[in-house]
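Hi,

Here is the structure I promised to pass on.

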Amino acid sequence: MDKFLEQLPIVFGALNIGFLQTLKLFFVTLIGAFPLGLVIAFGSMSRFKPISYIAKVIVWIIRGTPLMIQLLILYYFPGLVFHQAIWGGGENGRFTAAAISFIINYSCYFSEIYRGGIQSVPKGQEEAGLVLGMTRSQIFRHVTLLQMIKNILPPISNEILTLVKDTSLARIIALQEIIWAGQSFMKGSHGISGAIWPLFFTALYYLIWNGIMTVLLGKLEKKLEYFR
Amino acid sequence: MKKAIALAAAALMAVSLTACGGGSSSTAQTEAQTQAAAEETQAAASEGSDLDYVKGKGKLVVGVTDFEPMDYKDDSGNWIGFDADLAAAFAKSLGVDVEFVEINWDNKIMELDGKTIDCVWNGMTLTDEVKSSMSTTNAYCNNSQIVILPKDKADQYKDKDSLKDLKFAVESGSAGEEQAKELGAEYTPVESQANALMEVSSGTSDAAIIDSLMAAAMVGEGTSYENLTYTVKLNDEEYGVGFRKGSDLTEKLNQFFADSYKDGSMKKLADTYKVSAALIEQ
């Protein structure tokens, strides 16, 4: 027990640094994937066929392959195939590669959710808008958008909670997120070796963070409730 | 308006597509690309000399994992250890900076070939697989593969023959896996040596095979594995450093090993990190 108390502050320090990296990846992914997902959603709904095909093929490829493979390809292929290690070996390059992989991956999932949300708004509203002389972009901004946001909130919340945990996949390209930090104590790090408990301890971080997220998203959902 | 949205969508998708291909339209990355391209022309001009490549960029990027006593971080986060200190000294002798990058051990060959690191210097056992996929230096440290067992069972397994009926856990692609194959025992490949120990500790496997240098640090008093112990030594093997295939840095490092063994600095480092018993004469 003494040993445990002695190790606790050291482990906390290392896990906090790892969790900061996890959160950084989480927020950057959301910031990038929300708008990019909308672009892909518009693309796949486009009445100009080539664009809608391209968008659908991208979504098919990204959703059809494991994120882990996408991370490996994006990080290693530039050096292995094109002989230009554009990311470099350092922590920043690994983070950038991970962030781009996550943004592309999550925007494809988001795009399908957006599409469902947009198409769930009754067509009659669009027709009514056209009759009133509104342009399509006005209809989207003033009529469709908020209803879409309300409709997609539950599935998007699901994706957000999944994203928090998916960030751990980035350890495949040696991004030192919290699970990596926890696992390093098994081999030996910061003078502690052969300790298993920090790895399992990381679960608490995810649990608490997802608890906060659940409460916030629930509040947002409540706020949009009047809107039905 | 519809067309404008469609066009914007097309443009943005084109951007995301090129991003998929490994490039992007942002200036920072264009810069990085030009730089990488410049580096490549430079490397090509000198017929791919790794030494010139490293000198050109001014730093040697060393791929490591957290592995006491070879490579690990001190309290202020700097990399130390027998391997780390030696790598820093080697970089200094080349007149370049040293940068340590923590890698995923499974991907070490991809990291090397993809030029995200310049060498693997992390208590790496010279297996046939390693030798065939990298350019390796002379061995500098002895190691062995040993069997880890729960303490209460250790008495029953004192020699190689008694081990055959055990279910082993070994690190995938490690020297320990080769030993398990040789024993003809049933085994499960797991992600790391640390995970192999967890298998034994939780009872999902009967025993593990790991590096003796590592076992000394990870098993017994003061660890989470107080109930485990090590018994049979299965083989003798050696540690070496790996560079890209065909690299001229390998010869350079062999020379450096020889010099620093002769002047005693290598021995002194080995004493500091308590690995002098395993040090090999250069």
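A quick word on terms before the domains: domain bounds here come from an automatic or database domain assignment. Also keep in mind that this is a predicted model.

With that said, chain B is assigned two pieces: domain 1 (45-142 + 238-278) and domain 2 (145-235). Their C-alpha centres are 27 Å apart. Where they touch, domain 1 of chain B puts in 8 residues and domain 2 of chain B puts in 5 residues. On the domain 1 side of that contact you'll find 2 nonpolar, 3 polar and 3 charged residues.

Now for how the chains meet. On chain A, 49 residues are in contact with 44 residues of chain B. The elements of chain A that each give two or more residues to this side are α1 (2-45), α2 (49-64), α3 (67-80), α4 (91-119), α6 (136-166) and α7 (178-187). Sorted by class, chain A's side has 27 nonpolar, 18 polar and 4 charged residues.

The axes of α1(A) and α2(A) are 6 Å apart, at an angle of about 125 degrees, which means α1(A) counts as oblique to α2(A). Their crossing is left-handed. From α1(A), the contact uses A:I40, A:G43, A:S44 and A:M45, while α2(A) supplies A:I51, A:S52, A:I54, A:A55, A:K56, A:I58 and A:V59. In this contact, 7 residues are nonpolar, 3 polar and 1 charged.

Cheers

How values were computed:
Residues numbered from 1 in each chain as written. Chains lettered and ligands numbered in written order. Predicted model: local features only at pLDDT ≥ 70, side-chain atom pairs only at ≥ 80, totals over all residues. Contact = placed C-beta atoms within 7 Å. Helix = DSSP H or I, 4+ residues; strand = E, 2+ residues; numbered from the N terminus. Nonpolar A, V, L, I, M, F, W, Y, C, P; charged D, E, K, R; others polar. Axes fitted to C-alpha atoms, helices over the stretch in contact; angles between N-to-C directions. Parallel < 35°, antiparallel > 145°, perpendicular 65-115°, else oblique. Left-handed = near helix turned anticlockwise from the far one by under 90°.
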